[in-house]
Amino acid sequence: MALIETQEAMNLNIRMRLMASEIRAGIQKHGIVHHSLFGPIFAFEVDGYNSQNLMDDANLPSLLSAAMMGYVNPRDEVYLNTRLFALSQENPYWMRGNVYRGIGGPHVGPGKAWPLAGIVRAMTSQEASGDEVREEIKAILNTTDGLGLVHEGVNVWDAKDWSRHW
């Protein structure tokens, strides 16, 4: 957009950058909250009345994907705390069963996790050993119901109960 040489495009570019700056400032001021176990984390939602929704959702963009999407540095303290939160039972949409464990969301129902969030987990891992990445990929491959396809959602207790193969 900055390369387009019309005045209208240049003005739009300036307005968009200003708006992005204002949104980032708002997130820094209102969207970072203190969690008793993880310290400062990004809230999934805030309402402007000091209420916040502490969760993460499997879809993209997500809090887990913030570093991958370029919003924060992958070593940012608030992001790392948020990542730990999102991948824990403190996240109300963290699902754990005998087949799979991962992030689901309000739109898929209890007990369902999306392997997409597992892919994001692997892509955002900062673990030097690579164990987290290997374990996640192996877990995702175990959810394919023998089809070799990654599904949209998987019942964490029953690999034969899935939605949409891609």
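Which residue caps the N-terminal end of H2? Select Asp-76: one of its side-chain oxygens lies 3.1 Å from the backbone nitrogen of Val-78.

A word on the model before moving on. It is predicted, with local features needing pLDDT of at least 70 and side-chain atom pairs counting only at pLDDT 80 or more, while totals for chains, interfaces and linings use all residues. Residues are numbered from 1 along each chain as its sequence is written, and side-chain values use heavy atoms, leaving out hydrogens and water.

Now select helix H2, residues 77-86. Helices (H or I, at least four residues) and strands (E, at least two) are DSSP runs, numbered from the N terminus. H2 is mostly covered, with 7 of its 10 residues buried (under 20% relative accessible area, 1.4 Å probe, protein chains only). Val-78, Tyr-79 and Phe-85 are among them. The buried residues of H2 pack against E1, E2, E5, E6, H3 and H4.

Next, the largest nonpolar core. Such a core is a set of buried Ala, Val, Leu, Ile, Met, Phe, Trp, Tyr and Cys residues joined through side-chain atoms within 4.5 Å. This one has 16 residues; Phe-42, Leu-64 and Tyr-79 are among those touching the most other members. H2 gives the largest share, 3 residues.

Go to strand E1, residues 32-35. Val-33 and His-35 form its covered face, Ile-32 and His-34 the uncovered one. In a regular strand the side chains alternate between the two faces of the sheet.

E1 and E2 run antiparallel, joined by 4 bridges (strands pair if DSSP finds at least two bridges between them). They form a hairpin with 3 residues between them. Ile-32 stands opposite Phe-42 in E2.

Methods
Buried means under 20% relative accessible area, exposed over 50%, partly exposed in between (1.4 Å probe, protein chains only). Contact means heavy atoms within 4.5 Å. A polar contact is a pair of N or O atoms within 3.5 Å; within protein, one must be able to donate a hydrogen and the other to accept it, and residues adjacent in sequence count only if both atoms are side-chain atoms.
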